[in-house]
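Me: Please take a close look at one strand in this model and at what surrounds it. A connected account will do.

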Amino acid sequence: MATVTLKGNAINTLGNLPKVGTKSPDFLLTANDLSTKSLSDFKGKKVVLNIFPSVDTGTCAQSVRAFNREASELKNTNVLCISRDLPFAHARFCGAEGLENVVSLSDYKDNRFGKDYGLVFTDGPLEGLHSRCVVVLDEQGTVKYTEQVNEIVDEPNYKAALEALLDD
């Protein structure tokens, strides 16, 4: 279990993120077109998992915008923006913002992704949603970098995540 804060108040997650150097757990998530995507769909590419509570909050929306901007410069890399929001909310947000360089995915069906990655909030006002995290994977699905943001209202360390993509 990990503990983070929401405006200074402690809240807990189900577990801990996968360790650097381990294989990332596979997943089944729902894309905006309601198709199912798995980690194997991105095999042979570097992957940034940008995970957040809801695209309808300011910090979460900013992380999607920031990674969309950076992703346009990345070679052989996919940025997956993952939350429990319905695929329709992801599609609305990305469409309204003109975001085309990220892949939006939803864990709304069974929260299996959040459970397997240990990042589901187990208490507090965000209980059941995902903690704000970034996980960077190499082309073989090995974890290269993780960050669970200590204060949920803060943005992740984009620079560190992007630098992890270059460490090959």
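Reply: Strand S5 is covered on both faces: Lys46, Val48 and Asn50 are buried on one side, and Val47, Leu49 and Ile51 are buried on the other. Buried here means under 20% relative accessible area, exposed means over 50%, and partly exposed lies in between (1.4 Å probe, protein chains only). In a regular strand the side chains alternate between the two faces of the sheet. S5 spans residues 46–51, and six of its six residues are buried. Strands (E, at least two residues) and helices (H or I, at least four) are DSSP runs, numbered from the N terminus.

This is a predicted model, in which local features need pLDDT of at least 70 and side-chain atom pairs count only at pLDDT 80 or more, while totals for chains, interfaces and linings use all residues. Residues are numbered from 1 along each chain as its sequence is written, and side-chain values use heavy atoms, with hydrogens and water left out.

S5 is paired with strand S6 (residues 77–83) through six bridges, and the two run parallel. Lysine 46 has threonine 77 as its bridge partner in S6. S5 is also joined to strand S8 (residues 133–137), by five bridges, and this pair runs antiparallel. In S8, valine 135 stands opposite leucine 49. Two strands count as paired if DSSP finds at least two bridges between them.

Serine 38 lies in strand S4 (residues 36–38). Serine 38 counts as buried because its relative accessibility is 9%. Leaving aside residues up to four places away in sequence, serine 38 touches Asp26, Phe27 and Leu28, where contact means heavy atoms within 4.5 Å. Leucine 28 is 10 residues from serine 38 in sequence, with a C-alpha to C-alpha separation of 4.7 Å.

In helix H4 (residues 158–166), the buried residues include Tyr158, Ala161, Leu162, Ala164 and Leu165. Seen down the axis of H4, its buried residues fall within an arc of 150 degrees, so they line one face of the helix; the arc is that of the directions from the helix axis to the C-beta atoms. Lys159 and Leu166, on the other side of H4, are exposed.
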